[in-house]
Amino acid sequence: MAQPDSKKIFFENLSGAGKAIAVLTSGGDAQGMNAAVRAVVRMGLYVGAKVYFIHEGYQGMVDGGENIKEASWESVSSMLQVGGTVIGSARCKEFRTHEGRLKAAHNLVQHGITNLCVIGGDGSLTGANLFREEWSGLLGELVEQGSIEADAIQKYSALHIVGMVGSIDNDFCGTDMTIGTDSALHRIIEVVDAIMTTAQSHQRTFVLEVMGRHCGYLALVSALACGADWVLIPEMPPEDGWEDKMCQKLSANRAGMKRLNIIIVAEGAIDRSNMPITTDYIKNLVVKCLGFDTRVTILGHVQRGGTPSAFDRILASRMGVEAVLALLETTANTPACVVSLCGNQSVRLPLMECVQMTQEVQKAMDEKRFEEAVKLRGRSFENNLKTYKLLAHRKPESELPTSNFNVAVLNVGAPAAGMNAAVRSAVRVGISEGHKMFAVSDGFEGLCKGQIKEIKWADVGGWTGQGGSLLGTKRTLPAKHVDKIAEQMRKHNINALLIVGGFEAFLSLLELLTARGKYDEFCVPMVMVPATVSNNVPGSDLSIGADTALNAITTTCDRIKQSASGTKRRVFIIETMGGYCGYLASVGGLAAGADAAYIYEEPFDIRDLQANVEHLTEKMKTSIQRGLVLRNENCNENYTTDFIYQLYSEEGKGVFDSRKNVLGHMQQGGAPSPFDRNFGTKISAKAMQWITKKLVETFRQDEGRVFANSEDSCCLLGMRRRALVFQPVVQLKDETDFVHRIPKEQWWLKLRPLMKILAKYKTSYDVSDAGQLEHVVRNRPRESDASVAM
C-alpha cells in the first residue's frame, strides 16, 4: 500500500554507525533461530553497525573470550536452511547470580557492545531485562574494581535490549506465533500422517505425546490439523469422568467404519486435580475398556529438529530486521521490547508486560482457574480450542438445532492444498448449526449438471490431510450455465452457497450477484473463502494453499542449492507459478535466500538484469559459491526463463555457470502444510457461522423462504492485516486488476526490500509500516482471533 513520501525513511537517515549490536540465542533451540541471527547480522551490517555473535548464550557472555566474535556478512551464509542454532545455546546458572552478570557486563564493555538482541524464551528475556536494569550499577562496580575506565560509565551509559521469542511451544503471550512453532508442527504432522497409514492398515489406536510441558498449543493445533479423536492439554483438563466419554467416542468412530483412532497428549497434560495424564495411562485405559490394539509414540526432540519451514524463515527474517530497527530507535528511556507478530503485522511490545502475562497463565493453571488460563493464552488459542471441539465432537441428533436450511459447498478454480480441510470444516460446522449440507462435484460445471448430493458428518472424516480437491474443482464460470444452475438450486432448494476457490471463485460471485436481477434462486447468502497457491485474490492478504506452495518452493530450492555443493560456482534460475502475481517468487525468495526475484508487479528491464548479474559476479568472486534467482512465470513476456538463463550463462562466463529449473505443478501438489490445514479449517468455520447468521436475518416468515439481495449478503471472507473481514464482493471491484487477475495493492511487496537487503543490495526500505511500541491487551479486536497465525 502506498505511503506518504514523508514517512518513507531511507537508510542514509537510519544509521547504525558507531553502534555495536550483539546477538545471542538462549534456552531451548528452535528451528528458525539461524534465520533470525542471519537477519540481525546482515541488517546490522547494512546500517553500518558492528555486529557480534555471542556463542553459547548467556554462558558465552559470562565466559567472554572466543565466545564473543565479530560477525561478517559471509559468516551467516548458508545458515538460513539449517535447524537449531549454529551459534549455540546453553542454560547458564552463573548468569542468574550477580557475580555472573558482572562478568558479562565487563565482557560487553570490552567490545563496546550496548545493544543486545536476545532470541529465546520468557526465562531468557526476563534475564536480559534484569541485566538491563542493573547495567549502570554493574558499570559502577567495575569502575570501583578498576576493571574499566571511569569514562566508560558515560560512554556506555545504557544497555538496550530487544527480544525475539524462539520457542517451539508457542507459550509466550503477546505474539501469535513464536519462532520454531510452525516447524515443530510440520514435524508432528509428518509423523501423524505416516502413523495414520499404518494405523489404518491394522485398525489401531495411537496415543501420541507431543512437547508442551506448560502449554498445549502444539497438541491442540496438531489435533486440529489431523482431525484427532481426542486431545489433552494442560490449560483445559478434561472434566471428571472423561475416560468414559473418550472411550465412547473412540468406540462410536470405529462403529462408523473408521479404522483408526488418534489421541494427542501434551507432555504437561493434567486432570482437574492437577495430576498428570500419561500416555501409558491412556493406552492401558483403551486396552482395558475397548480391547483395541493400542500403541504409544513419544515424538520427543524430533519436534525441535529438522530444517525450518518457510513460515519460520520468513517470520524470523522479518523479526530480525525489525529488531535491528527497534535497537536503532531506542533511547535511554525506551523499555526493553519484544518483536511480535499480530496477524501478518510486526508489532513491538514491552518485554516485561508479555512476561508477566505469560506468568499469569501458569498461575491461573496452578490455581485451577482453567477457563481464565485459556483466555489469557489469547483469542487465537481460545478460538483453536472452540473450533476443535466443534469439529471433533458431534452432538447427538436430539441436541442439534433444526434450521431446515440447505447449504451447498463447492470448489472453484485450480486445486489448492487445504481446500479439503476447508470443506470438512464447513460441512461439520453446518451440521452442528442444524443445516442440511450438500456437496457439489466439479464446481459450477458439476452444479449445472446436477452433480450435487447430501454430505454427512462421517463423509468428511480424514479430509484435513488430503491434498488437492476431493470434491473436484473446475475453472468454469457460472454465467454460461446460469439457467441450469438456477434450476438445480431450485430443485434442491439451496438456501446458501459457500465457495472455496481462487480468482475464478471471486469472478463467479460477481456473476451470480449480477444474475440476482433475473433469478431469485441467487438471492441467497453467498460467501467465498480464498484458496489458491497464487495468493492473488483481492480482499485477502493470504489464501489457503499458498503456504504449502511456499514450502514446496523452499524445500526444492534448498535441494537445488545443495546439488551444487562442492562443485564450482553456480547460479540457479528457478521459475515459480502465480500467474501475474509475484507472491510465490517474492516470499519464496525471502524464505530460500534468493539473490533476486523477478515479478510482474515490479517492472524491470535489461539494465536491471545486467546489474543483477554484475552483483552476483562480485559476490561469487569474494564469498558465495551458489546463487539463486527466482522468476514469476508471467513477470515479462520477453524476458523469459530461457532468456534470463542464457543471459546469466553468457555474462557469468569465467566466474559461474548457470542452471534453470521450472517447478511447475509440484507447487500445487502434496499434503497441505499445518498452516493451510488450520487456516482453512478456521476461516471456513467462520464463513459457515456467517451463513447461519445471514439465513436467520433474511428468512421471510410470510413467504417461507430465504431472500437476500443486498450487497452484504454476497461476501468474500479475507485476511486483512490483523483481522478476518467479510467484504461485499462488489466493493472489491475497484481494488482489482481484472486483466492480470491480481489486487491493485499487495501487502507483501513491502517484504521485497528485505530480500534485497539480505542479499546485499543497496535499496531503500519503507519503515512507515515498522512495528510501533504497543501495550499487551487481554482482548484483541474481535476478528483477530482467527488471524493468519494459527
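In this predicted model, the largest share of the lining of the second largest cavity comes from helix H10, which gives four residues. H10 spans residues 310–329, and helix H18 (546–563), helix H19 (583–592) and helix H22 are the other helices named as supplying at least two residues each to this lining. The second largest cavity has a volume of about 230 Å³. Its lining is made of 19 residues, and those nearest the centre are Phe311, Ile314, Leu542, Tyr583 and Trp747. By class, the lining of this cavity holds 13 nonpolar, three polar and three charged residues. The count of cavities of 30 Å³ or more comes to three.

H22 also takes part in a helix pair. Helix H22 (residues 674–698) packs with helix H7 (residues 217–226) at an angle of about 80 degrees, and the two axes are 9 Å apart. H7 and H22 are therefore roughly perpendicular to each other, because angles of 65 to 115 degrees count as such. On the H7 side the contact is made by Val221, Leu224, Ala225 and Cys226, and on the H22 side by Arg677, Asn678 and Thr681. Sorted by class, this contact has four nonpolar, two polar and one charged residues.

In the largest pocket, helix H8 gives the most to the lining, with six residues. Helix H6 (181–202), strand E7, helix H8 (242–255), helix H13 (379–392) and helix H14 (419–432) each supply at least two residues to the lining of the largest pocket. In the second largest pocket, helix H4 gives the most, with six residues. Helix H4 (122–145), strand E6 and helix H11 (351–366) each supply at least two residues to the lining of the second largest pocket.

Strands E7 and E6, named among those linings, belong to an open sheet of four strands. The order of this sheet is E7-E8-E6-E9, and the pairing is parallel. Strand E7 (230–232) and strand E9 (294–298) stand at the edges with a single partner strand each, so one side of each has no neighbour in the sheet. On average, neighbouring strands of this sheet are turned by 15 degrees against each other, direction ignored.

Strand E6 (residues 205–210) and E9 run parallel and are joined by five bridges. Leu208 has Thr297 in E9 as its bridge partner. Helix H9 (residues 279–290) packs on the sheet and touches E6, E7, strand E8 (261–266) and E9. The direction of H9 makes about 170 degrees with that of E9.

Technical notes:
Residues are numbered from 1 along each chain as its sequence is written. This is a predicted model: local features need pLDDT of at least 70, side-chain atom pairs count only at pLDDT 80 or more; totals for chains, interfaces and linings use all residues. Side-chain values use heavy atoms; hydrogens and water are left out. Axes are lines fitted to C-alpha atoms, for helices over the stretch in contact, and angles run from 0 to 180 degrees between N-to-C directions. Angles under 35 degrees count as roughly parallel, over 145 as roughly antiparallel, 65 to 115 as roughly perpendicular and the rest as oblique. Contact means heavy atoms within 4.5 Å. Ala, Val, Leu, Ile, Met, Phe, Trp, Tyr, Cys and Pro count as nonpolar, Asp, Glu, Lys and Arg as charged, and the others, Gly among them, as polar. On a 1 Å grid over the protein atoms alone, a cavity is a set of points where a 1.4 Å probe fits but cannot get out, and a pocket is an open set with protein on both sides within 12 Å along at least five of seven lines; lining residues have an atom within 4 Å of a point. Grid points are joined across faces, edges and corners, and a volume is the space filled by probe spheres set on the points. Two strands pair if DSSP finds at least two bridges between them.
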